[in-house]
Structures are given as structure tokens and as C-alpha cells.
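Here is a short tour of a protein chain, written to be read alongside its sequence and fold. Take a moment to look around before reading on.

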Amino acid sequence: MGRLRSGGARGPGVFFVLPCIDEYCKVDLRTVSFDVPPQEVLTKDSVTVSVDAVVYYRISDPLKAVIQVANYSHSTRLLAATTLRNVLGTRNLSELLTEREAISHTMQVSLDEATDPWGVKVERVEIKDVSLPMQLQRAMAAEAEASREARAKVIAAEGEMKASRALKEASDIMSESPAALQLRYLQTLNTISSEKNSTIVFPLPLEVLYPFCDFLPQSALRKKQRL
């Protein structure tokens with residue numbers, strides 16, 4: 001009693017146990033998962049967050065899992081909670097929100113090294129949820145809204161600049177070709193008439209009136225020029 005029988009672990013298969021003398025412990029070698037309860041963590045930039053995770057592990061050495069530690073499952077759960085707090089305490093809030101995969105890998109490596117003497121192999125660690133204080137959530141939402149509004153104003157300003165540049169180029173082209181300007185007048189009239197308006201304003205170039213100015217009295221011409 002109190003000694004490990006020669007030959008190490010038994011099974012699978014048939015083996016004999018002497019009643020009242022031998023005692024056996026059945027170990028499940030399949031992958032097991034458990035949830036790490038939400039942990040209140042103070043990040044590197046002094047922000048308190050609540051984080052929970054899930055851990056996947058399996059028994060790689062049944063003898064170590066039974067002999068080296070009293071309860072490998074309970075010990076692994078406690079170690080996972082402390083490792084979660086220790087790892088997240090070295091990260092900023094922005095890193096915690098954007099680098100979950102890297103943080104999970106760091107936790108998996110740290111847990112695997114610590115549980116290796118117990119015959120436990122930590123296969124994977126995943127961060128499930130990061131809960132922020134309500135006040136911090138409102139502040140981050142306001143910051144994101146301000147950033148979106150700033151980007152929208154920049155995009156609108158760039159659009160107006162491109163539109164004004166295109167209008168300037170179009171006006172330069174039309175000023176060089178009077179026929180193009182007349183075609184633009186006709187197109188505008190066509191657009192106005194299609195809207196079923198009762199009044200149509202016909203734009204008349206001033207150049208058309210220049211030949212008639214010779215027939216006007218000089219006083220009327222001066223008065224017209226003053227106007």
C-alpha cells in the first residue's frame with residue numbers, strides 16, 4: 001500500500017485489482033475544456049476590465065497526473081485564473097482589444113510550461129469576453145463618433161475640391177468655344193421645359209445686343225452703361 005505497482009499504468013484492456021489491497025484511479029485521456037470565471041484585471045494603463053476565458057487540456061502522462069499533484073483538474077483551473085490576471089496585467093487596453101490571439105498564445109505557453117510536471121498538456125486558450133466599465137464604453141463611443149465625423153468632413157472637402165476643379169476646367173473649355181456655351185444654354189432650356197414649368201427664362205448672350213447699340217442715342221447708351 002502507498003506504492004505504485006511495477007509496470008506503470010494499466011489499460012486499456014483486462015487487468016486485476018486485489019480488493020482491500022490495491023487501489024486504482026481512472027484517468028480520462030481525452031481533451032477536456034473548462035471556463036475560467038470572469039477575472040477583474042487592472043491593465044498596464046490602469047483600466048479595470050473583466051475578462052473570462054476557456055482552456056482546453058488533456059492528460060499526457062497519467063502517472064504524473066496522479067502522483068505529482070493531488071487534484072490536477074482543480075490545480076489547473078486555479079493556475080489558469082492566476083495566469084490570466086498576470087498576463088493581462090502586462091498589456092494595455094488597446095492591446096487587450098486588438099491582440100487577443102497573441103495574448104491567448106502567451107497564456108497557452110505559460111500554462112503548458114507550468115502544468116508539464118503534472119502530466120497535463122494545455123492545448124489551447126481562448127479569451128471569450130472583455131467587459132469594459134460603462135463610463136469607458138461611452139467615452140470610447142464618443143471618440144469613435146468624433147473620428148467618423150472628422151473623416152466624413154475630410155471626404156466631403158475633398159469631393160468639393162474635385163468638383164470645383166472639374167467646373168473650372170469645364171468653364172475654361174466653354175470660354176474658348178462659344179458654340180459649346182450655346183449648346184449648354186440649349187441643354188439647360190431642354191431640362192427646364194421637361195419639368196412642365198409655366199415660365200421659361202431664356203438666357204440671351206450680351207454679344208447679341210452689341211450690333212443694336214449703334215442705333216441707340218448716346219445719352220441712352222451712357223445711361224445703360226451706368227446701370
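In this predicted model, 22% of the 227 residues of the protein chain count as buried. The chain exposes about 17,000 Å², and carbon and sulfur atoms supply 57% of that area.

Let's turn to the fold. The protein chain holds seven helices and three strands, and from the N terminus on its elements follow the order β-β-α-α-α-α-β-α-α-α. If you take the contacts between residues at least 6 apart in sequence, 63% of them join residues at least 24 apart.

The three strands make an open, antiparallel sheet, ordered β1-β2-β3. β1 and β3 are its edge strands, each pairing on one side only, and from one strand to the next the twist averages 25°. Nine bridges link β1 and β2 in the antiparallel sense; in one place to look, Phe34 has Val55 of β2 as its bridge partner.

| Helix | Strands touched | Angle between directions |
|---|---|---|
| α2 | β1, β2 and β3 | about 35° with β1 |
| α4 | β2 and β3 | about 145° with β3 |

Leaving aside residues up to four places away in sequence, Leu88 touches Val41, Thr43, Val51, Leu96, Ile103 and Ile127.

Terms used
Residues are numbered from 1 along each chain as its sequence is written. This is a predicted model: local features need pLDDT of at least 70, side-chain atom pairs count only at pLDDT 80 or more; totals for chains, interfaces and linings use all residues. Side-chain values use heavy atoms; hydrogens and water are left out. Contact means heavy atoms within 4.5 Å. Helices (H or I, at least four residues) and strands (E, at least two) are DSSP runs, numbered from the N terminus. Buried means under 20% relative accessible area, exposed over 50%, partly exposed in between (1.4 Å probe, protein chains only). Accessible areas come from the Shrake-Rupley method with a 1.4 Å probe; for residues, only the protein chains shown count as cover. Two strands pair if DSSP finds at least two bridges between them. Axes are lines fitted to C-alpha atoms, for helices over the stretch in contact, and angles run from 0 to 180 degrees between N-to-C directions.
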